Amino acid sequence: MAIWVPDLSSRNGPKYIRIVEAMAEDIATGRLPEGTRLPPHRELAYQLDVSPNTTSRAYGEAVKRALLRGEVGRGTFVRSTDTDPTQAEPETLRRSDSGPIDLSRNLPMSGFSEQHIRRVMSEIANDTGLRSLLDYQTDADLEHHRAAGQTWLASCGLSSEINCIVPIVGGQHGILCILMALMQPGDLLLAEALTYTPVLAMAARLNLQIGGVAMDEEGVVPEAFEAWCREANPKAFYMTPTLQAPTTVTLSQARRTRIAEIATRFGVILIEDDVFGPLKSDKPEPLAKIAPEAAIYVTSLSKAVAPGLRVGFLNAPTKLAAALHLSVNLSVWMAPPLTLEVASRLIEDGTAAELTGQQQRIARVRQQLVQRILGVAVIPKLSDGFHVWLTLPEGWRADVFTAECARLGVRVSEGRSFAINAGDAPEAIRLCVSHEANEVRLQRGLEIVAGVLRQKPSGSSMAI
């Protein structure tokens, strides 16, 4: 076992990320050769004077990045470059019919949109307006794309003015543009205690403070949000109120109304990420409808229509729209006109709504498969989306459970990876049921997870 104590003093960002970056550097330089067994995460935590949750999270992230491998009962080792490729961590988002079964990636089902996009692209290719789509665009040129965005927003339950709509290159790009436009280094960004992990990386990159708002089984707790507002002067609150990532909870109308009232009273901007919203047919009103001057609404076609288009829309209060336009200009100058045109035509001719319906139907089928294999006692309530939040039985640690699933050829996401404060993370995992296109592979993966659930956990002797 290596006596490895990284120097974190010159690194920035969350401590667990600093550990991972130091690890990657030492592996690259040969300080940590292939096959080296690392110290248990609790021992490393003691050496670094950090929480064991921090080092556990760092080891988990290093496994995801294919720097380490965990062997149940033996420990954690630097991954060999000649590891069997069928056991290697994925380097891309491509879906495979071989190798580990991937239940860790929250992507929609693929394949539904191909014939429709082929048709629309053929129409565009024979259209006299093609030339203009291959050139730089002005705001005036984008009017009909914004009009399509207005139609899409209406399908999400939100009425919008054309000049308040900002085209973006997918939801993640939209969130980054919002943070760039509205926040300065040192500002406090709030998010749900368990949240979309790229937001944590964005906050670190922009040198923002970030605070986790407590959650319960019904979602974010309004009183916890109000306490932050009273005590810490937050600038914005990022949240996914519908099919929350990772917990799947949809916030009730009453809680939405209460959160909107608190945000308005304290002058906090709500960043409402609703990319999963189109998958839920009976969702409550958007926060942006309840408090239109306090909320920026983020929507995208990625989860419901076609992820590869990378098209989405922001709906902003009038006073913020210009700043968001400038932020998009700074990051990509403009959302690509050609893909915007494809998306706009799909929206306008009703195809986008049809494809959304197909995603909803396949989500229901796959959620039923989850419940059938894992059991009603484990999954008592079906979600409308493509992910499942699984609270582990007493005695199981999420990192150990994740490592055991990986050993058996199934990738899942540990709950701690979504936590702003690692100590707040429950012993839970997230399962995604749409990345695997082959239902036989999905079923096999769920059966393996069910088998691990039936095992008796062996506690701290399982090292990752």
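The following legends accompany close-up views of a predicted model.

**View 1**

**View 1. Strand 10 and its pairing with strand 9.**
Strand 9 (residues 236-239) and strand 10 (residues 269-273) run parallel and are joined by four bridges. Ala236 has Ile269 as its bridge partner in strand 10, and Phe237 has Leu270. Strand 10 is mostly covered, with five of its five residues buried. In a regular strand, side chains alternate between the two faces of the sheet. Ile269, Ile271 and Asp273 point one way from strand 10, whereas Leu270 and Glu272 point the other way. The buried residues of strand 10 thus include the charged side chains of Asp273, on one side, and Glu272, on the other.

**View 2. Strand 11 between strand 10 and strand 12.**
Strand 11 (295-300) pairs with strand 10 in the parallel sense over four bridges. The bridge partner of Glu272 in strand 11 is Tyr297. With strand 12 (312-315), strand 11 runs antiparallel, and four bridges join the two. Here Ser300 has Gly312 as its bridge partner in strand 12. Strand 11 is mostly covered: six of its six residues are buried. Ala295, Tyr297 and Thr299 point one way from strand 11, and Ile296, Val298 and Ser300 point the other way.

**View 3. The second largest pocket.**
About 770 Å³ of space lies in this pocket. The lining comprises 33 residues, of which Glu217, Thr247, Thr248, Val249 and Trp389 are the closest to the centre of the pocket. Strand 7 (215-216), helix 10 (253-266) and strand 13 (387-391) each contribute at least two residues to the lining. Strand 13 provides the largest share, five residues. Classified by side chain, the lining holds 16 nonpolar, nine polar and eight charged residues.

**View 4. The largest cavity.**
A probe the size of a water molecule, rolled over the atoms, shows where empty space is left. The count comes to one cavity of 30 Å³ or more, and the largest cavity has a volume of about 50 Å³. Its lining includes Glu192, Met215, Gly219, Val220, Met239 and Thr240. Pro241, Gln244, Thr247, Val249, Thr250 and Leu251 also line the largest cavity. By class, this lining has six nonpolar, five polar and one charged residues. Thr247 and Val249 line the largest cavity and are also among the residues closest to the centre of the second largest pocket.

**View 5. The loop between strand 9 and helix 10.**
Most residues other than glycine have a negative phi, and most peptide bonds are trans. The peptide bond from Ala245 to Pro246 is cis, with omega near 15°. Pro246 is placed in the loop between strand 9 and helix 10, and Thr248 lies in this loop as well. Thr248 is not a glycine, yet has a positive phi of about 75°. With a relative accessible area of 19%, Thr248 is buried, because the cut-off for this class is under 20%. Thr248 is also one of the residues closest to the centre of the second largest pocket.

**View 6. Arg310 in the loop between strand 11 and strand 12.**
Arg310 is found in the loop between strand 11 and strand 12. Although not a glycine, Arg310 has a positive phi of about 55°. Arg310 is partly exposed, and its relative accessible area is 35%.

**View 7. Ser331 and its contacts beyond the local sequence.**
Ser331 is placed in helix 12 (residues 318-332). Its relative accessible area is 30%, so Ser331 is partly exposed. Leaving aside neighbours within four places in sequence, Ser331 is in contact with His173 and Cys177. Ser331 and Cys177 are 154 residues apart in sequence, while their C-alpha atoms are 7.5 Å apart in space.

Notes: Residues numbered from 1 in each chain as written. Predicted model: local features only at pLDDT ≥ 70, side-chain atom pairs only at ≥ 80, totals over all residues. Heavy atoms only, no water. 1 Å grid on protein atoms, 1.4 Å probe; cavity = no way out; pocket = protein on both sides within 12 Å on 5 of 7 lines; lining within 4 Å. Points joined across faces, edges and corners; volume = space filled by probe spheres on them. Pairing = 2+ DSSP bridges. Buried < 20%, exposed > 50% of the residue type's maximum accessible area, 1.4 Å probe, protein only. Contact = heavy atoms within 4.5 Å.
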